[in-house]
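Dear colleague,

Here is the structure for your files. My notes follow it.

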Amino acid sequence: MGLVAATLLIQLVRVQFGPYAPIFAARGNASVGRVEQVVPARGQIYDRDGQILATNANLYHIEIEIRQLTPRSQQDIAAVLSKLLVIPFENLHNQLTRDWASQGQFRIRLTRPDGQGGNLPITVDQSVADVLNGFLADPTAPDLSGLAMVSAPKRVYPAGSLAGHVLGFVNEEGKGFFGVEGYYDEWLAGKPITIEQPLIPPEARPEPNPPAGVNLVLTIDTEIQQMVEDALKESIKSSQAESGQIIVMDPHTGEILAMAASPELDPNNYQPWLKKDKQGKEPVITPGASAQYEPGSTFKILTMAAALDTGAVTPDTTFVDTGSIEVGGHEILNWDGRAWGPQTMTGCMQHSLNVCLAYVASDKLGAKDFYQYLANFGIGRLTGIDLAGEVAGQLRTPRHPLWTESDLGTNSFGQGVSVTPVQLLAAVSAVANGGVMVQPHLVREVVGPQGAYWPKTTVLGQPISKQTADTLSQMLSQSLSGETQYAHVNGYELAGKTGTAQVPTEYGYDPNLTIASFIGWGPLADPQFMVLVRLDKPKTSPWGSVVAAPVFQQVVQRLVVLMHIPPDSVRAQLSVGG
Amino acid sequence: MTVANRRRPQASRRTGWRLAVRSTSRAILLVIVLLCVGGMYLAVSAKVADAGRQVLTLESRKRDLLQANKELTAQLAALTAPERMMARALALGFRPAAPDEIQYLKVPGYEPPTPFVAPRPPASTEGSKTMLSPAYTETLGEWLTRVFGRTGAQP
């Protein structure tokens with residue numbers, strides 16, 4: 001009896017303190033629980049009125065607890081999964097019968113061939129999970145002992161492709177790419193934590209909550225977004241354009257109310273956007289911030305703003321248009337090749353005269369002032385919009401070794417310079433907003449566990465005075481009515497400018513292809529919205545005044561209703577208490 | 001002396017009997033104490049196991065409910081997506097209003113709705129791992145360390 005007790009005591013001491021104590025301790029711990037990573041739910045994304053744009057649902061990974069497998073269950077699991085998921089039986093059976101224990105692995109995640117020589121983890125949706133759970137609960141069903149389904153979050157975009165380019169997408173590993181998902185990925189994702197999950201009841205503890213990702217409220221209004229997307233779709237169809245964008249922004253705050261792009265991107269099905277097109281080019285996601293283009297005549301707004309602000313010209317300054325001008329040895333012609341004779345500056349904008357604007361830039365402003373103003377307008381620089389993948393555009397200044405004086409002439413009417421749509425909106429917001437340029441942004445509210453945070457409007461600068469901005473707005477309002485009747489909206493005074501830019505190729509400008517655009521804002525007395533329309537390579541007409549201006553008109557007609565903006569006369573009446 | 005000598009055998013006989021009773025009763029008492037301690041230990045262990053089982057069950061239920069909630073949220077959002085709502089409105093005979101069909105009125109005292117505030121995500125409870133009292137989970141060694149460690153640390 002004493003001998004047995006002594007032996008037990010020695011063995012206890014050996015297990016507890018002997019050379020193999022760490023091994024015994026590890027074995028003990030392994031049976032107590034398993035180490036798991038708890039991933040917090042990714043933050044949700046809402047529109048400004050609370051409509052959910054991005055949320056989370058479940059998908060399930062198929063995991064196998066090796067120690068619970070039996071020869072029968074190895075067969076049955078492979079057979080059931082092979083049938084349900086259309087995966088070769090042999091592939092699954094090989095994974096189930098491999099000697100994982102000798103590699104120190106007791107729990108594995110099943111994979112499927114990806115068709116390119118690699119393997120991807122098997123994921124199943126709720127319906128398949130329900131079938132498998134039914135088998136697990138039914139003793140007469142195939143033996144699935146050892147099979148476990150581990151839930152994992154799946155990003156879901158309930159509105160489908162609505163605002164898809166704004167949102168970006170989240171891949172299967174839970175990483176956000178492009179758009180808001182890419183820009184705010186770290187904030188949205190939260191911080192996963194590693195916990196020891198107890199397997200025996202006495203050790204059970206409530207599961208800890210890992211630091212959750214923040215919820216985002218966007219500046220996007222889904223009603224306006226839907227309307228704008230419909231308008232873009234229609235215009236692409238009617239003009240037979242290759243692609244296009246429409247952006248609506250509040251010029252006072254820089255809040256983007258809608259940002260539509262075609263071809264549309266459905267973030268639920270983003271895989272086609274990862275492939276290159278037939279020309280070997282990568283598709284452009286979120287083109288509003290990442291697709292640069294030559295803005296053409298819409299850029300004349302900035303040239304005229306600079307000239308007015310320096311006092312080089314006034315709206316009534318006259319210029320005799322002879323139909324051509326030579327700047328730096330390069331002959332510049334008007335869009336129609338005609339000579340328009342004596343014109344005021346308002347007339348120059350109304351008829352969109354390249355010759356006049358090249359004259360203003362080269363003879364009135366000079367390269368130094370012209371490029372200084374462009375720099376102040378943020379041309380060639382990132383706006384800092386909260387979208388992943390923004391590009392800065394291209395502007396060759398006199399410091400550039402390849403710059404020539406002819407660049408000054410062509411840049412004045414938007415040729416030889418590249419901008420992104422949001423960059424142009426930000427620059428022109430100075431004209432619509434009394435000289436103050438605001439940063440375009442998409443997030444209105446960030447809500448974390450500690451509370452909510454409302455990002456404030458960021459002023460990017462004041463490139464022109466309020467007086468210049470007001471004068472130019474009036475000029476553009478007058479010139480708009482003369483330039484195109486298609487942008488007119490009854491009851492509302494609007495300002496804007498058309499643009500028709502040729503498309504540069506490696507052999508020079510394509511004679512047939514254009515980018516037709518329009519940028520406008522209103523109501524003039526107190527601008528509530530700016531709208532930029534861009535149609536790439538329209539076929540029915542190359543001109544911005546013919547294909548882009550009507551889209552602006554169509555959008556504004558609906559916009560004033562959705563934004564509850566009364567006509568000018570009614571607003572004046574209401575403001576005096578009528 | 002004589003009396004004392006006469007009494008000694010009787011006393012030793014009585015002492016032997018008493019000792020036997022005493023040792024037996026001590027043994028029984030010890031067994032009873034051990035049984036009580038064992039019983040108490042068993043009862044506490046059973047309670048801990050039961051509480052732990054409930055925790056595991058509730059955690060599992062919580063996980064299921066959260067997942068179901070996520071699914072329902074996504075479904076609800078899909079059902080109220082603008083495109084779907086617009087299609088339903090058109091099917092019911094509505095159409096978008098034109099600007100000249102709208103009448104604007106000034107309503108004294110009207111306050112526009114407050115901006116939408118998104119719900120707060122759950123706070124992290126990473127730091128508070130032990131929701132159960134240590135009395136339910138700690139070992140004797142841990143208890144001794146805690147008690148004597150704390151006592152020793154006091155000035």
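Buried here means under 20% relative accessible area, exposed means over 50%, and partly exposed lies in between (1.4 Å probe, protein chains only). This is a predicted model, in which local features need pLDDT of at least 70, side-chain atom pairs count only at pLDDT 80 or more, and totals for chains, interfaces and linings use all residues. Residues are numbered from 1 along each chain as its sequence is written, chains are lettered from A and ligands numbered from 1 in the order in which they are written, and side-chain values use heavy atoms, with hydrogens and water left out.

Chain B has 155 residues, of which 11% are buried. Its accessible area (Shrake-Rupley method, 1.4 Å probe) is about 12900 Å², with 65% of that from carbon and sulfur atoms. Chain B holds 4 helices and 0 strands, in the order α-α-α-α from the N terminus. Helices (H or I, at least four residues) and strands (E, at least two) are DSSP runs, numbered from the N terminus.

The backbone of chain A has some points to check. Most residues other than glycine have a negative phi, and most peptide bonds are trans.

- Ser262(A) to Pro263(A) is a cis peptide bond, omega near 0 degrees; Pro263(A) sits in the loop between strand S14 (256–262) and helix H10 (287–290).
- Gly522(A) to Pro523(A) is also cis, omega near -15 degrees; Pro523(A) lies in the loop between strand S24 (508–522) and strand S25 (529–536).
- Ala163(A), not a glycine, has a positive phi of about 60 degrees. Ala163(A) is buried, at 1% relative accessible area.
- Ser352(A), not a glycine, has a positive phi of about 50 degrees. Ser352(A) is buried, at 6%.

Regards
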